[in-house]
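Subject: Handing over the structure

Hello,

Here is the structure I promised to pass on. Please look it over first, then read my notes below.

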Amino acid sequence: MSVHLLLSAGRGPQECAWALARLLRRLEVDAARQNLETRRVQVVPGDRPDTYRSVLIQMSGAGAETFAASWTGTLCWQAASPYRTGTGRKNWYVIAQPCQVDAPRTTFTEADVDVVACRTGGPGGQHRNKASTAVRATHRPSGIVVVVDTERQFSLNRRIAMRLLRQRIEDGDETAERAVTTARWHVHDELVRGDPVRVERPETPERKPARRRP
């Protein structure tokens, strides 16, 4: 079992990117305790060292789906800001959502196509009607149907029908792939601050990073 989880700081301040890095490490430690393997598939770093705007992580092993569910939703890292000593805010929020990485690709084989000779009208239709040279081709796995009657030979219409089916299936796969990518990007805008499913805190006080020089 393998599942992907996308963690995002959304449009939050730099502290959220800092919080994401710490929540990610906490998640990885928690996963290791449950004998799950984790892999950072895609990382978008933050503006400061050791911070992330988003991380796509893959978890594999028995119980990966249940584990991912326990980390799904709004996550809160509760600690003082390492960058702004004057702020009293201590809750920094991150969104975590399971996501699909790749859309399944359709393998096209002619064995999956039902081809039926049929008759159609139109210019030159009298000859085609008598000979039934038109082709109705149905791709069973996808349900896509094409009818071709542009040629007077059945074999030529059949060849065109196969080409059209293949093209429509490829176009459909590309559309599905774009939809998966779009859905993944929408996660960044779904962060809801407050009512977190998990609240994590540092086990020991963290050293504050050195301030940047003006």
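A search of the whole structure finds 0 disulfides. A disulfide here is a pair of cysteine sulfur atoms within 2.5 Å. In general terms, such a link is a covalent bond between the sulfur atoms of two cysteines. Take Cys-76: the closest cysteine sulfur, in Cys-16, is 9.3 Å from its own, too far for a bond. Cys-76 is also buried, with a relative accessible area of 2%. Buried means under 20% relative accessible area, exposed means over 50%, and partly exposed is in between (1.4 Å probe, protein chains only).

Before you go further, note that this is a predicted model: local features need pLDDT of at least 70, side-chain atom pairs count only at pLDDT 80 or more, and totals for chains, interfaces and linings use all residues. Residues are numbered from 1 along each chain as its sequence is written, and side-chain values use heavy atoms, with hydrogens and water left out.

The overall picture

The protein has 4 helices and 9 strands. Both are DSSP runs numbered from the N terminus: helices are H or I with at least four residues, strands are E with at least two. From the N terminus on, the order is β-α-β-β-α-β-β-β-α-β-β-α-β. Of the 214 residues, 39% are buried. Now the contacts, meaning heavy atoms within 4.5 Å. Among those between residues at least 6 apart in sequence, 65% join residues at least 24 apart.

Helix α1 and what follows

Helix α1 covers residues 14-33, 20 residues in total. From first C-alpha to last, α1 reaches 30 Å, close to the 28 Å expected at 1.5 Å a residue. The expected span is 1.5 Å times one less than the number of residues. Of the 20 residues in α1, 15 are buried, so the helix is largely enclosed by the rest of the structure.

Just after α1 comes Asn-35, with a positive phi of about 60°. Most residues other than glycine have a negative phi. Asn-35 sits in the loop between α1 and β2. Asn-35 is exposed, at 70% relative accessible area. Asp-50 also has a positive phi, near 60°, and is not a glycine either.

Salt bridges

How many salt bridges are there? The count comes to 10. The rule asks for a side-chain nitrogen of Lys or Arg within 4 Å of a carboxyl oxygen of Asp or Glu.

Start with Arg-84 and Glu-15, whose side chains meet at 2.8 Å, N to O. This pair links distant parts of the chain: Arg-84 is in the loop between β4 (73-78) and β5, Glu-15 is in helix α1, and they are 69 residues apart. Arg-84 is partly exposed at 37%. Glu-15 is buried at 0%.

Next, Arg-22 pairs with Asp-50, the closest N and O atoms being 3.2 Å apart. Again distant parts are linked: Arg-22 is in helix α1, Asp-50 is in the loop between β2 (37-45) and β3 (52-60), and 28 residues separate them. Arg-22 is buried at 11%, and Asp-50 is partly exposed at 38%.

Then there is Asp-112 with Arg-140, at 3.8 Å, N to O. Asp-112 lies in the loop between β5 and β6, and Arg-140 in the loop between β7 (134-139) and β8 (144-148), so the pair ties together parts 28 residues apart in sequence. Asp-112 is partly exposed at 23%, as is Arg-140 at 43%.

Salt bridges with shared partners also join Arg-26, Asp-30, Arg-198 and Glu-200 into one network. Glu-200 lies in strand β9, residues 198-200. Is Glu-200 buried or exposed? Glu-200 is buried, at 12% relative accessible area. Apart from neighbours within four places in sequence, Glu-200 contacts Leu-23, Arg-26, Trp-71, Cys-76, Trp-77 and Gln-78.

One more cysteine

Cys-99 is in the loop between β5 (91-98) and β6 (113-118). At 16% relative accessibility, Cys-99 counts as buried. Cys-99 and Leu-56 are 43 residues apart in sequence, with their C-alpha atoms 8.9 Å apart in space.

Best wishes
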